[in-house]
Amino acid sequence: MTHIKVKVDGTTYEDDVEPRLLLAHYLRDRLGLTGTTIGCDTSNCGACTVALDGASVKSCSVLAVQADGSEVTTVQGLAENGEWTALQRAFHERHGLQCGYCTPGMIMAARDLLNENPHPGPHEVRQALEGNLCRCTGYQNIVRAVLAASGEQLAEEVTA
Ligand code: FES
Ligand code: FES
């Protein structure tokens with residue numbers, strides 16, 4: 001067992017974990033943060049995407065011990081005081097989801113894109129999300145949602 005200390009969605013946790021435990025399983029099974037979904041054997045679908053020290057990673061391809069001393073943000077840590085972010089609202093309003101299984105990963109990957117490039121074009125959005133698979137939407141509304149969020153996101157950043 002290895003002792004880890006990790007901050008997840010603003011709360012610090014200390015745990016003894018098996019060195020082979022994946023971050024995705026740590027979040028879901030140990031912390032009960034099942035908003036981060038698992039959609040494949042490993043590293044294909046992107047459903048499990050979270051932010052690790054600000055950069056999006058597939059949490060099924062990261063060991064929990066690698067997150068020791070780091071800060072993890074999951075989709076469940078985005079809303080503040082019960083208020084969705086612009087990106088979450090845009091997915092809702094633009095019908096960027098159907099079954100919703102891919103949505104946590106899509107939102108976390110799109111959030112990373114918008115942090116780096118607040119005004120992406122459609123091609124840049126598609127490129128940024130190429131590691132995230134959706135079996136329902138055909139992607140069109142996901143791209144629309146991210147583009148719609150980019151304007152609002154800028155306004156939020158200016159007032160932040
Ligand atoms: S569950 Fe991590 S990429 Fe599919
Ligand atoms: S909305 Fe169902 S997998 Fe994307």
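Helices (H or I, at least four residues) and strands (E, at least two) are taken here as DSSP runs, numbered from the N terminus. This is a predicted model, in which local features need pLDDT of at least 70 and side-chain atom pairs count only at pLDDT 80 or more, while totals for chains, interfaces and linings use all residues. Residues are numbered from 1 along each chain as its sequence is written, chains are lettered from A and ligands numbered from 1 in the order in which they are written, and side-chain values use heavy atoms, with hydrogens and water left out.

Begin with the whole protein chain in cartoon view. Its pattern along the sequence reads β-β-α-β-β-β-α-α-α-α, giving five helices and five strands. The C-alpha trace spans about 45 × 35 × 25 Å along its principal axes.

Next, colour by burial (buried: under 20% relative accessible area, exposed: over 50%, partly exposed in between; 1.4 Å probe, protein chains only). Of the 160 residues, 39% count as buried.

Then select L87, F91, M106, L129 and V146. These residues have the most contacts inside the largest nonpolar core, which has 22 residues; such a core is a set of buried Ala, Val, Leu, Ile, Met, Phe, Trp, Tyr and Cys residues joined through side-chain atoms within 4.5 Å. Helices α2 (86-93), α3 (103-116) and α5 (140-159) each give two or more residues to this core, with α3 giving the most, seven residues.

Centre the view on F91. Beyond its neighbours within four places in sequence, F91 is in contact (heavy atoms within 4.5 Å) with G96, L97, T103, M106, I107, I142, A145 and V146.

Finally, select L31, L33, V62 and A67, which are among the 15 residues of a second, separate core.
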